[in-house]
Amino acid sequence: MLWANLSLVAAGFSLALPVGGGFYEGFVINPQWSLQPPTSFTLIQEGTGVPLQKFWIPVHILITVFILAALFLNWRISSRRTFILISLGSYIVMRGWSFLYFIPEMLSFQKISINSPPSEELINRVSMWKTLTYWRTPLDLISFFTVLWALTLEE
């Protein structure tokens, strides 16, 4: 039971990282890079901006390892297994959405020259990205809290 509990604690800590990182990006980084596109894209471009991938890639590796370990080590505890599967499902939905929309769009923004003229189309894309990104936080919170809930359950 010790390893099962420790795996849930590790999964909980790793799942707390995107919650904090998401709030930081949402309140500090996103308002700055989206202020006056494309001039404000300096903040997200390689070599001049915040290297967000240096945070997010290790975080998602940790989450993947720890949530799968928690699932494996708690598999026989059906009440915990249910909550871990909910957490994993929410995480997979958020990551899938990121791979299909957020990451490609951000990479596209990073390739736009800051000297390009602003366009209505670009402003609308940035606005859509910002609006939709706030909906990733509830998915992160579901993943985080369901793992914590699983930790409170016994055999």
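In the predicted model, the side chains of R125 and E121 form a salt bridge in which the closest N and O atoms are 3.7 Å apart. Both residues belong to helix α4, where four residues, about one turn of the helix, separate them. E121 is partly exposed, its relative accessible area being 49%. R125 also meets the side chain of E105 in a salt bridge, with an N to O distance of 2.7 Å. This second pair links distant parts of the chain, since R125 sits in helix α4 and E105 in helix α3, 20 residues apart. E105 is buried, because its relative accessible area of 14% falls under the limit of 20%. The structure holds two salt bridges. Through shared partners, salt bridges join E105, E121 and R125 into one network.

The protein chain contains five helices and zero strands. Read from the N terminus on, its elements follow the order α-α-α-α-α. Taken along the principal axes, the C-alpha atoms fill a box of roughly 60 × 25 × 20 Å. Of the 155 residues in the protein chain, 40% are buried.

Empty space in the model was examined next. Rolling a probe the size of a water molecule over the atoms shows where such space is left. The largest pocket holds about 730 Å³ of space. The elements that each give two or more residues to the lining of this pocket are α1 (2-33), α2 (53-73), α3 (78-111), α4 (120-133) and α5 (136-151). The most is given by α3, with eight residues. In total, 33 residues line the largest pocket, and those that lie nearest its centre are E25, L52, W56, I103 and M106. By residue class, the lining divides into 16 nonpolar, twelve polar and five charged residues.

W56, one of the residues nearest the centre of the largest pocket, is found in helix α2. W56 counts as buried because its relative accessibility is 17%, which is under the cut-off of 20%. Between W56 and T133 there are 77 residues of separation in sequence and 15 Å in space, C-alpha to C-alpha.

A nonpolar patch on the surface is formed by L2, W3, L6, F72 and L73, which together have about 610 Å² of accessible area. The elements that give two or more residues to this patch are α1 and α2. Helix α1 supplies the largest share, three residues. W3, a member of the patch, is found in helix α1. With a relative accessible area of 63%, W3 is exposed, because the class begins over 50%.

Helix α1 also contains G12. In contrast to the exposed W3, G12 counts as buried, at 4% relative accessibility. G12 and I142 are 130 residues apart along the chain, and their C-alpha atoms are separated by 11 Å.

A cis peptide bond joins P37 and P38, with omega at about 0°. P38 lies in the loop between α1 and α2. The C-alpha atom of P38 is 45 Å in space from that of T82, and the two residues are 44 apart in sequence. T82 has its place in helix α3. The relative accessibility of T82 is 43%, so T82 counts as partly exposed, a class that lies between the limits of 20% and 50%.

Taken by helix, the residues described above are arranged as follows. Helix α1 holds W3 and G12, and gives three residues to the nonpolar patch. Helix α3 carries T82 and E105, and gives eight residues to the lining of the largest pocket.

Key:
Residues are numbered from 1 along each chain as its sequence is written. This is a predicted model: local features need pLDDT of at least 70, side-chain atom pairs count only at pLDDT 80 or more; totals for chains, interfaces and linings use all residues. Side-chain values use heavy atoms; hydrogens and water are left out. On a 1 Å grid over the protein atoms alone, a cavity is a set of points where a 1.4 Å probe fits but cannot get out, and a pocket is an open set with protein on both sides within 12 Å along at least five of seven lines; lining residues have an atom within 4 Å of a point. Grid points are joined across faces, edges and corners, and a volume is the space filled by probe spheres set on the points. Ala, Val, Leu, Ile, Met, Phe, Trp, Tyr, Cys and Pro count as nonpolar, Asp, Glu, Lys and Arg as charged, and the others, Gly among them, as polar. Patches are made of residues with over 30% relative accessible area and no salt bridge: like charges are joined within 9 Å, nonpolar side chains (Val, Leu, Ile, Met, Phe, Trp, Tyr) within 5 Å. Accessible areas come from the Shrake-Rupley method with a 1.4 Å probe; for residues, only the protein chains shown count as cover. A salt bridge is a side-chain nitrogen of Lys or Arg within 4 Å of a carboxyl oxygen of Asp or Glu. Buried means under 20% relative accessible area, exposed over 50%, partly exposed in between (1.4 Å probe, protein chains only).
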